[in-house]
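Here is my note on the two-chain structure you asked me to look over. The points below are arranged by chain and then by contact.

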Amino acid sequence: MHNCKATTDRITELLLNRPNARPDDLLSKELLRCAECRNEFDALKETLRITGRVIEKSEPSKSYWNGYHARLKQQLDNATIHEVESRETTLILRFFKSSIRLPVPVGLALLVLFAVGIRWATRVSQKQVVITQTISVPVPFEVPVVQEKIVTRVLYRDRVRKRNESSTATSVVAKTQNEARPAALIGFKPLDEVKLTVIKGGSPDEK
Amino acid sequence: MPDNEIANSETELIRRAQAQDTDAFCLLAERYARRIYLLAFHYCQSAQDAEDLSQEVWLKAYQALASFRSDSSFYTWLRRITINSFLNHQRTNSIRIAQPETNFDVGCDETVYSNALFRDVMETLADLTSSQRLMFLLRHYEGMSYEEIGNAMGCSPGTAKKSVWRALGKLRAKFEVGDDAAKERMARLAAEY
């Protein structure tokens, strides 16, 4: 018995596969029996054939393809250069980001070992600091210090002269003066002339 | 050239391209660039976007070529990359889809009817959703089965079939033969093609 829906399904799939396909014997009999299915077959065939041709006709000209392939080649070359650069950076990144799969107990054990190791290392370093403090010997070194030299000078006062001023004569005084005079003035002869230089202008009232 | 030799030379080109030989990869691209471009053009409905999208497909293919294991044909593998690229663009909306170019040059030898027909097809395809359009193109232009389309696009074969039929129904309605003038026009177009 003829079924239009089933026939249309078969027509559509046949033409979708090959728009120029000829119906097989069984389908031909169905199409001969039903004018509606025949019209459907013709319409679908033309639609798919035209659509297929339009799709094929959309191809650009030959000159377009030369430019297309040149652009593609350039993009591929750029991509190759970029890939080499990125590969170098990823190698470094991979080294830092690399991970190793471990069972959880092993991982925990390693973590504990690491913590203990850090603790031990810090304690050892603290001990070393203490030892270095006890062992350290002060090394004397000379620091140049500026010392003031104290010079003591003994001054002798002429007590004899004072004592004789009131009681003895002028000659005696001279004699005693000569005796009391320091050795440095012995032989000193004062000049007969006295040079006196008056410097004027010492005060504004002076004329 | 016999098919076996073509296959062998393609295998050789793939091997060289896997060793970072860009010239070998460009030779591979020249073989399939037209198909990928046309798929991209009818998917995104723009010549400029089609070029960007198809070039992106080739770049991705070049970068992923080391993972190609010859389990399927090179074009099947390439088409998978193409579909994934299209779907990524669809998600990110980085290309403007469904903006048909009405001034696309179809060639000076074409008739006025051909140009009008071209516009009709383009407009009808633009009316579809991007998924429907892609499924229709994969079924009709690429000859993929509904199972393959479903696998590639992450939907059931039934959904793929429904989308393809819906698209076909819209196209058929566009070219539906009504009066005698339309019939005559249709017959003339059919004769041209």
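**Notes on the predicted model**

1. Chain B has nine helices and zero strands, so that, read from the N terminus, its elements follow the order α-α-α-α-α-α-α-α-α. The model is a predicted one. Of the 193 residues in chain B, 34% are buried, and among the contacts in chain B with a separation of 6 or more, 60% are between residues 24 or more positions apart.

2. Chain A has seven helices and zero strands, and the order of its elements from the N terminus is α-α-α-α-α-α-α. Buried residues account for 10% of the 207 residues in chain A. When the contacts in chain A between residues at least 6 apart in sequence are considered, 53% of them join residues at least 24 apart.

3. Within chain A, the axes of helix 1 (residues 4-17) and helix 3 (residues 35-57) come within 10 Å and cross at roughly 20 degrees, which makes helix 1 of chain A roughly parallel to helix 3 of chain A. The crossing of these two helices is right-handed. On the helix 1 side of chain A the contact is formed by A:Cys4, A:Thr7, A:Thr8, A:Ile11, A:Thr12, A:Leu15 and A:Leu16, which meet A:Glu36, A:Cys37, A:Glu40, A:Phe41, A:Leu44, A:Lys45 and A:Leu48 in helix 3 of chain A. By class, the residues of this contact are eight nonpolar, three polar and three charged.

4. The buried residues in helix 3 of chain A are A:Cys37, A:Phe41, A:Leu44, A:Glu46, A:Thr47, A:Leu48, A:Ile50, A:Thr51 and A:Val54. As background to reading such a list, an α-helix has 3.6 residues a turn, so residues three or four places apart point the same way.

5. Which elements of chain A give two or more residues to the side that touches chain B? In the contact between the chains, 28 residues of chain A meet 37 residues of chain B, and the elements in question are helix 1, helix 3 and helix 4 (62-97) of chain A. Helix 3 of chain A supplies the largest share of that side, with 13 residues. The side of chain A that touches chain B divides into 11 nonpolar, nine polar and eight charged residues.

6. Helix 4 of chain A passes helix 2 of chain B in a right-handed crossing. The residues that meet are A:Tyr68, A:His69, A:Leu72, A:Lys73, A:Leu76, A:Asp77 and A:Thr80 in helix 4 of chain A, and B:Thr22, B:Phe25, B:Cys26, B:Ala29, B:Glu30 and B:Ala33 in helix 2 of chain B. This contact has seven nonpolar, three polar and three charged residues.

7. Helix 3 of chain B has 18 residues and reaches 26 Å from its first C-alpha to its last, close to the 26 Å expected at 1.5 Å a residue. Its buried residues include B:Leu53, B:Val57, B:Trp58, B:Ala61 and B:Tyr62, with B:Asp49, B:Glu51 and B:Glu56 also among them. The buried residues of helix 3 of chain B pack against helix 4 of chain A, and also against helix 2 and helix 4 of chain B. B:Asp52 lies in the helix as well, but B:Asp52 counts as partly exposed because it has 16 C-beta neighbours inside 10 Å. The C-alpha atoms of B:Asp52 and B:Ala40 are separated by 9.1 Å, with the two residues 12 apart along the chain.

8. Most residues other than glycine have a negative phi. B:Gln45, however, has a positive phi of about 60 degrees, and B:Gln45 is found in the loop between helix 2 (22-44) and helix 3 (47-64) of chain B. Phi of B:Ser70 is likewise positive, near 65 degrees, and B:Ser70 lies in the loop between helix 3 and helix 4 (74-92) of chain B. Is each of these residues buried or exposed? B:Gln45 counts as buried because it has 23 C-beta neighbours inside 10 Å, whereas B:Ser70, with 10 such neighbours, counts as exposed.

Note on methods. Residues numbered from 1 in each chain as written. Chains lettered and ligands numbered in written order. Predicted model: local features only at pLDDT ≥ 70, side-chain atom pairs only at ≥ 80, totals over all residues. Helix = DSSP H or I, 4+ residues; strand = E, 2+ residues; numbered from the N terminus. Buried ≥ 20, exposed ≤ 12 C-beta atoms within 10 Å, placed from the backbone. Axes fitted to C-alpha atoms, helices over the stretch in contact; angles between N-to-C directions. Parallel < 35°, antiparallel > 145°, perpendicular 65-115°, else oblique. Left-handed = near helix turned anticlockwise from the far one by under 90°. Contact = placed C-beta atoms within 7 Å. Nonpolar A, V, L, I, M, F, W, Y, C, P; charged D, E, K, R; others polar. Expected span 1.5 Å × (residues − 1).
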